[in-house]
Amino acid sequence: PIKSVLEDPIAVTRTNKGKRNSMLPLPAELYGADRRNSSGFGLGYRTVTDALMDDLEAHRGLPDAPEDISAEDAAAMMETATAAFATWHTAPAELRATVLERAADMLAERQHEAMAICMSEAGKTISDAIAEIREAIDFCRYYAARAREQFGSDHILPGPTGEFNGLGLTGRGVFVCISPWNFPLAIFMGQVVAALVSGNCVVAKPAEQTPRIAAFAVRLLHEAGVPEDVLHLACGAGETVGAALVSHPAIGGVAFTGSTDVARIINRTLAERDGPIVPLIAETGGQNCMIIDSSALLEQAVDDIVISAFGSAGQRCSALRVLYVHADIADELCALLKGAMDALSVGDPWLLSTDIGPVIDAEAKQTLDAHIKRMNSSATLITSAPLHASASGHFVAPHAFRIGSIHELEREVFGPVLHVIPYKGKEIGQVIEDINSTGYGLTFGMHSRIPKSYEAIMRHIRAGNIYINRSMIGATVGVQPFGGEGLSGTGPKAGGPHYLLRFASERTTTINTAAIGGNIDLLVK
């Protein structure tokens, strides 16, 4: 009956007519006893959005930016952090994990303030700002759980009776954490708290475009219990502050997210400096591709293409850059894509109706405008999304172009520009070869309803994160560990079970227990 069809399923479960399936965990309980899931907002409910907008407006306006430091200041921070390491790395892992969980709870309490800074400083839309805060919270809780598991006590190894053999983890020293502007809170905190909970001191250098949200994060971590001499904020230009930090002889390692070119510079600097050989944990860009075969459900594919290519104004390292579409469906898919892009709202990120906000600054806009101009003369325009009439500032309308080959693109285009390449079924081998030949290996997506097809391609594609029949952005901490290979990064994956290990040194302890009376466990029944 139509009356039954139209019943609210949530209301039904709250009455005697039905009950919740106990096999399905509530959102906060999604990860079981390991950690609590971060909370979001029900943006489909007017009462929720009205309250959210009121809270955001109360925090509107940028705080003062922290002052830039000099190269000499950076060196002094390194020396202070080095002195603090002796105390911090011997603190129990439980204490460090508890500090991270306290920081997560504090961030959840102050999420509106953090969202407002992200929106004002980095041009985040409301939905992107929510996701940013949730990811930062998830990093804190996930790494706290992994630290208890991996750093809590030595792993006992098998050996002869009368001898104890254990393998333990300890911090490496002072980590320099260099984060980007596109995820100025989530990536910043992810790097910093991973290094801290592993027993390292940290000097954190945020992107020059987003120092305020980094300062907010550092203050919060200090309030949560991280000593001020253990965690330092180093704002300034990469050429001066960044260079002074990565060349310092006392450095214990570098965590970097940014361009491949800068990662190469850091790698060379680390190799040339005096002192120990230290790890570089680098997550860089990608020429990310998606393949749509002729079996794909086109409406679903278009939804995922739009969010993958244009979400966050295309300013994600995981964003879709090149779309391969089977020639038999290319015209139909492009028609659907045009309609979807025409419906996008590009404008003020403080409006709930906005889908896509601005790019980060004038330099980024100039680079993207130049690429779009070149594409307009050398490629075929499929469509471009309309700009909102009030969109004055660093806005770039999403564009989709049809090109002939991925080799027409000299480098990653970091913004809302999609390049579409039709292919024939017999050319799929060449498509895979062309994708792999770029040398990047960050994200890859495919839409197909034939498991044998996507399983075969998955075996040959070299990419760190592969997504089938869904969008290829928005990796969730602890669920989709994120990171690439080749020109896209060194690993290990952020938000994964192996990440903290790269921040640590391993130590083996062997004790001759026979020298103090032998193995008393043999006497216990």
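User: Which residues of α5 meet M189, V193, L196 and V197 in α8?
Analyst: In α8, the partners are M189, V193, L196 and V197, where contact means heavy atoms within 4.5 Å. This is a predicted model, in which local features need pLDDT of at least 70 and side-chain atom pairs count only at pLDDT 80 or more, while totals for chains, interfaces and linings use all residues. Residues are numbered from 1 along each chain as its sequence is written, and side-chain values use heavy atoms, with hydrogens and water left out. On the α5 side, the residues are R96, A97, L100 and L107.

User: How many residues in the contact of α5 with α8 are nonpolar?
Analyst: Nonpolar covers Ala, Val, Leu, Ile, Met, Phe, Trp, Tyr, Cys and Pro, charged covers Asp, Glu, Lys and Arg, and the others, Gly among them, are polar. By these classes, the contact has one charged and no polar residues. The number of nonpolar residues is seven.

User: Are α5 and α8 roughly parallel or antiparallel to each other?
Analyst: Helices are DSSP runs of H or I with at least four residues, strands are runs of E with at least two, and both are numbered from the N terminus. Axes are lines fitted to C-alpha atoms, for helices over the stretch in contact, and angles run from 0 to 180 degrees between N-to-C directions. Helix α5 (residues 93-109) and helix α8 (residues 186-197) have axes 9 Å apart and an angle of about 155°. Angles under 35 degrees are roughly parallel, 65 to 115 roughly perpendicular, over 145 roughly antiparallel and the rest oblique, so α5 and α8 are roughly antiparallel.

User: How are α3 and α6 oriented to each other, roughly parallel or perpendicular?
Analyst: Helix α3 (residues 46-58) and helix α6 (residues 111-122) have axes 8 Å apart. The angle at which they pack is about 70°. The two helices are therefore roughly perpendicular.

User: Which residues of α6 make the contact with L52, D55 and L56 of α3?
Analyst: From α3, the contact draws on L52, D55 and L56. The contact of α3 with α6 holds five nonpolar, one polar and one charged residues. The α6 residues are H112, M115, A116 and M119.

User: Is the crossing of α6 and α9 left-handed or right-handed?
Analyst: The axes of α6 and helix α9 (residues 211-224) come within 9 Å and cross at roughly 160°, so the two are roughly antiparallel. A crossing is left-handed if the near helix is turned anticlockwise from the far one by less than a right angle, and right-handed if clockwise. For α6 and α9, the crossing is left-handed.

User: Which residues of helix α15 are buried?
Analyst: Buried means under 20% relative accessible area, exposed over 50% and partly exposed in between, with a 1.4 Å probe and protein chains only. What the buried residues of α15 pack against includes β8 (289-292), β9 (322-326) and α16 (451-460). In α15 (residues 428-437), the buried residues are V431, I432, D434, I435 and N436.

User: Is K424 buried or partly exposed?
Analyst: K424 sits in the loop between β12 and α15. Beyond its neighbours within four places in sequence, K424 is in contact with H326 and A327. Its relative accessibility is 48%, so K424 counts as partly exposed.

User: Is the peptide bond from G491 to P492 cis or trans?
Analyst: Most peptide bonds are trans. G491 lies in the loop between β14 (465-468) and β15 (504-512) and is buried, with a relative accessible area of 16%. Omega from G491 to P492 is near -5°, and the bond is cis.

User: What is the relative accessible area of A313?
Analyst: A313 lies in the loop between α12 (298-310) and β9. Its phi is near 55°, a positive value in a residue other than glycine. A313 is buried, and its relative accessible area is 1%.
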